[in-house]
Amino acid sequence: MPDIAIGMGAQDRAERQKFEAEVMRIVRAADEAGLTLRILGSLAFQTHCPTLGHLQQEMGRAYTDLDFAAYSAQSMGVSQLLGGLGYQEEREVFVVTEGGRAIFENRGNGLHVDVFYNRLDFCHIIPWNGRLEADSPTLPLAELLLEKMQIVKLNEKDVIDTIILLLEHPLGEDDHETINMRRVAGLCAADWGLWRTTSMNLPKVRQLAGSYLQLSDEQKTRLASQVEDILARIEAEPKTLAWRLRARVGDRVKWYKDVEEVQ
Amino acid sequence: MKELVRELMHPGLITCRTDTTLGQVALILTQQHVHALIVTDRDSRPVGILSDFDLLAGEWLSTDASSLDAMRKMTAGEMMTSPVDTIDAGEEACAAAERMRRDGFHRLLVTERGKAVGVVSISDFVASLAAQAPSQREKVADVMSRAILACREETPVPAIARTMTEAHFRSVIVLDAAGRTKGVVSGWDLLACCEDESCAGKTASQIMHAPLTIRPDATLREAADRMIEHHYHRLVVIDPERPESVPLGVISSYDIVNEMARPGSPWLA
């Protein structure tokens with residue numbers, strides 16, 4: 001099993017409801033303020049998987065914070081909005097990340113909010129320029145999948161979120177309740193490193209799913225089929241020249257960034 | 001175009017073995033004044049092709065000491081494009097031009113009765129064009145690339161290599177702060193960096209070569225003549241009214257081949 005880390009452990013229903021209610025309060029307030037704010041992280045998987053979201057709690061997946069995606073052009077509006085909702089910004093994070101990320105704390109309810117502007121920039125870059133409008137109130141399903149698949153050292157919490165997503169949603173070529181494979185394959189075809197990590201993680205998810213007693217045999221079979229289909233689709237996507245050149249070098253040169261955790 | 005591939009090709013092969021390091025490949029390319037080598041196995045059979053563009057990966061990915069070390073250990077066999085795309089020596093040259101244009105190849109291995117006998121490259125087409133009688137065809141302005149990739153003199157070399165690779169450009173025009181053309185950085189200039197560890201710390205102005213310019217109303221024949229005479233693959237097209245301003249575009253040997261392979265071109269008549 002992967003390393004057990006933050007995001008795993010028992011969490012009672014009341015505590016989970018606190019997170020779920022707060023994330024929707026913030027999204028609604030953003031909508032009313034005309035701001036494009038989308039949920040990512042564990043709460044996004046819970047929100048976008050109403051049928052199987054219960055598996056998160058049953059598998060020991062806990063909420064730790066509220067994560068959002070936004071556009072940097074609206075960063076001032078986001079800061080004002082969260083300030084009005086009782087959150088205090090740790091301004092130095094926004095400065096250190098050159099406007100790529102902002103962190104807020106609410107001393108009243110003890111919750112922590114992370115806002116990522118324009119892109120997720122951890123082991124690999126997942127951009128969302130113009131993509132936030134494709135779904136609501138979460139990031140589109142394709143980006144949710146890649147949010148997890150770009151992690152080189154996949155944790156159990158990431159495996160659980162991915163399993164739920166792949167069991168709840170079919171693969172497709174658009175964003176309407178489907179995982180947009182055109183988007184997933186397109187990003188993987190432009191960036192060999194992202195392709196490499198995604199191709200490494202998907203079989204890992206399939207393998208680890210086999211050990212969860214909470215999943216039926218039928219669910220495990222369906223998950224394996226989804227993984228196979230994604231791998232086939234990203235393999236079939238025509239690759240860029242830079243991708244092909246990078247592929248020849250392969251693992252000889254490190255293909256991902258080490259992540260420095262900002263807590 | 002009536003000529004056959006065998007009449008245009010560069011006969012013979014300039015080769016390296018699969019275990020040749022990238023640094024050694026750079027040395028051979030420089031010494032032989034070629035842009036690519038045919039990679040052969042122990043029995044001297046062609047198994048791949050390695051171009052100066054492929055070597056750009058060395059500079060592109062050598063972002064720290066560990067990746068530089070890994071790249072220096074890479075061999076021609078690991079970095080080459082394989083298998084090699086071939087064309088029969090008896091095919092018409094226009095068929096080769098059409099394939100190169102369609103598939104984005106810069107060169108093809110020429111075979112005769114299954115045996116490799118030479119290489120036909122963009123430069124061979126340019127040479128053929130230069131040898132033609134005065135042409136009635138279009139001017140430089142009609143076929144030049146009007147979108148150019150440009151950088152400032154102080155731009156670091158790794159940033160240039162990365163952008164060229166990502167944007168699929170083979171050269172970058174170096175401009176000063178006022179937009180005047182100061183030089184050109186091509187894959188050829190970056191090749192030197194494969195042998196020079198200090199190159200990653202250098203800037204465009206330190207590795208660029210002097211630009212060779214041409215007017216937009218010059219003929220393609222004049223452009224080809226100038227390329228052949230100076231052994232340049234591209235010319236910077238300047239505005240004759242305002243020669244100090246940002247260039248109008250770039251015309252490369254590939255643009256000329258592209259024109260030759262265009263439907264309706266006299267080369268295909």
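I count a polar contact as a pair of N or O atoms within 3.5 Å; within protein, one must be able to donate a hydrogen and the other to accept it, and residues adjacent in sequence count only if both atoms are side-chain atoms.

**Entry 1: ground rules.** I am working on a predicted model, where local features need pLDDT of at least 70, side-chain atom pairs count only at pLDDT 80 or more, and totals for chains, interfaces and linings use all residues. Residues are numbered from 1 along each chain as its sequence is written, chains are lettered from A and ligands numbered from 1 in the order in which they are written, and side-chain values use heavy atoms, with hydrogens and water left out.

**Entry 2: where the chains meet.** I looked up the contact (heavy atoms within 4.5 Å). Chain B gives 15 residues and chain A gives eight residues. Next I looked up the buried area, the accessible area (1.4 Å probe) that two parts lose on being put together, summed over both. Between chain B and chain A it is about 1100 Å², with 74% from carbon and sulfur atoms. Trp60(B), Leu61(B) and His168(B) supply 32% of what chain B buries against chain A, more than any other three residues.

**Entry 3: polar pairs and helices.** I found four residue pairs in polar contact between chain B and chain A, both residues at pLDDT 80 or more. Helices (H or I, at least four residues) and strands (E, at least two) are DSSP runs, numbered from the N terminus. H3 (52-61), H4 (65-73) and H5 (76-79) of chain B each supply at least two residues of the side that touches chain A. The largest share, five residues, comes from H3(B).

**Entry 4: salt bridges.** My rule is a side-chain nitrogen of Lys or Arg within 4 Å of a carboxyl oxygen of Asp or Glu. It finds two across the interface of chain B and chain A. One of them joins Glu78(B) and Arg252(A), at 3.2 Å from N to O. Within chain A, Arg131(A) pairs with Glu143(A), the closest N and O atoms being 2.7 Å apart. Arg131(A) lies in the loop between strand S7 (125-127) and helix H6 (141-149) of chain A, and Glu143(A) lies in that helix, so the pair ties together parts 12 residues apart in sequence.

**Entry 5: a sheet in chain A.** Strands pair if DSSP finds at least two bridges between them. I traced an open sheet of five strands in chain A, ordered S1-S2-S5-S4-S3, with mixed pairing. Which strands stand at the edges? S1 (38-40) and S3 (88-89) do, each with a single partner strand, so one side of each has no neighbour in the sheet. S3(A) pairs with S4(A) (residues 101-106) in the antiparallel sense over two bridges.
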